[in-house]
Amino acid sequence: MFTSILAALGLDLQAIIATLIPNHHPVKIKGVRMYNHKSIRIQYQKDIWKYLLGQNSFHGVDLREFGIIATVLKIKFNVESNLSLMNLVQSIEDSNLSSIDKAKYTSVAGLLFAMKEGVTYKFAELKFNCQHCNSTVNGEHTCKSSRYVCSGCGAKVGLNKANYWPMGTLALSDVSYARVYCHERIDALWGKYEITRNAAYAEVARLLGIPRPLCHIGLIESLHEAGRFIAATDSLRLTLDEKNANC
Ligand SMILES: [Zn+2]
């Protein structure tokens, strides 16, 4: 996902990596050669975290994407020297980003400006169009769940109530049901066996040959991908059963 954003913005991955980790040379910590991970991304993440904590609205916010987006805003859109939020929002609007990414970048841009000016930032629902049919997407809240639903084709995705961030991509009904089923399968593992939720996802990621951050049910986009995910959870269940039998 990250590489597709870079491609849309016309940015080179190597150049970004060099900026994300500016002190790219190894340093010695307690005699061990390590890389210095003091990156702009981590710094942004910490600053955003402190700011949200200060205004008491940190609870439940998932910051992982915020640091990356803030960094790209700095590199591509010159966020720190940009004088008005309106200019910045216009540049984001004029970019080649997808509709949902434009909404995410605009939200983080608003947050960075609020931080700079020392004012309160209130998260709001993102305004974007469906990647399947281009219709408007609206937030839908019931006592049980909150989600974004497309007004045209009905594609949906869960949303994080703390910052209105979509928890993955919009899915049509078949993939949406498949995602629910995938959840049931993996939840049954860490509920029943001696394995943590994170370890279960890490093992499924290994079996699928994908990085752990991409092993996220909200990112499953086809029945084929859902089938592979379920096969991996089955394989993990068999391993855990064998382990139990040998105890
Ligand atoms: Zn749609």
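The four donor atoms around the zinc ion subtend angles of 96 to 117°, so their arrangement is tetrahedral, a label given to four donors if all angles lie between 85 and 135 degrees. These donors are the SG atoms of Cys130, Cys133, Cys150 and Cys153, which lie 2.2 to 2.4 Å from the zinc ion; a donor is an N, O or S atom within 2.8 Å of the metal (3.2 Å for Na, K and Ca), and sites may look incomplete because water is not among the atoms. Along the chain, the donors follow the spacing C-x2-C-x16-C-x2-C. Cys130, in the loop between α6 (99-117) and β3 (137-141), and Cys153, in the loop between β4 (146-150) and β5, are 23 residues apart and link distant parts of the chain.

The model is predicted, so local features need pLDDT of at least 70 and side-chain atom pairs pLDDT 80 or more, while totals for chains, interfaces and linings use all residues. Residues are numbered from 1 along each chain as its sequence is written, and side-chain values use heavy atoms, without hydrogens and water.

Cys130 is buried at 3% relative accessibility, whereas Cys153 is partly exposed at 33%. Buried means under 20% relative accessible area, exposed over 50%, and partly exposed in between (1.4 Å probe, protein chains only).

The whole structure contains zero disulfides, a disulfide being a pair of cysteine sulfur atoms within 2.5 Å. Cys182 illustrates this: its closest cysteine sulfur, in Cys215, is 9.8 Å away and therefore too far for a bond. Cys182 is buried, with a relative accessible area of 0%, and Cys215 is buried at 2%.

Conventions:
Tetrahedral: all angles 85-135°; square planar, octahedral: opposite > 155°, others 65-115°. Helix = DSSP H or I, 4+ residues; strand = E, 2+ residues; numbered from the N terminus.
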